[in-house]
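Welcome! Please take a look at the chain below, and then we can walk through it together.

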Amino acid sequence: DSAFAFACNSHNHNTVAAGCSVEFLHPAHGGDVLTAEATEQVLSGRHGVYDVHISNQSGEVVAMFRGKSAQIRGHVIP
């Protein structure tokens, strides 16, 4: 969720989640180091779609997150 928030707010427009889904592909275990990498798939007008791949220290993808965003008024940094 945090990686999604950083990605969709990276254009300096206040942006909120409009929906999301998560697919858990493999278990994560205590002590695992997880990395989330967010990619903007589509930005059209005020709406965007972002994919986040969450992988462990071995590079195995343990989950996939797809978030839909909506821009609202204001800027993240004035």
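How many positive and negative side chains does the chain have, and how far apart do the centres of the two sets lie? There are 4 positive and 7 negative side chains, with the two centres 20 Å apart. Here Lys and Arg count as positive and Asp and Glu as negative, while His and the chain ends are not counted; each charge is placed at NZ of Lys, CZ of Arg, CG of Asp or CD of Glu.

This is a predicted model, in which local features need pLDDT of at least 70 and side-chain atom pairs count only at pLDDT 80 or more, while totals for chains, interfaces and linings use all residues. Residues are numbered from 1 along each chain as its sequence is written, and side-chain values use heavy atoms, leaving out hydrogens and water.

Along the sequence, the pattern reads α-β-β-β-β, made of 1 helix and 4 strands (DSSP runs numbered from the N terminus: H or I of at least four residues for helices, E of at least two for strands).

The largest nonpolar core has 10 residues, among them Phe4, Tyr50 and Phe65. Such a core is a set of buried Ala, Val, Leu, Ile, Met, Phe, Trp, Tyr and Cys residues joined through side-chain atoms within 4.5 Å; buried means under 20% relative accessible area with a 1.4 Å probe, protein chains only.

Helix 1 gives the most, with 4 residues. Of the 78 residues in the chain, 26% count as buried.

Key. Buried means under 20% relative accessible area, exposed over 50%, partly exposed in between (1.4 Å probe, protein chains only).
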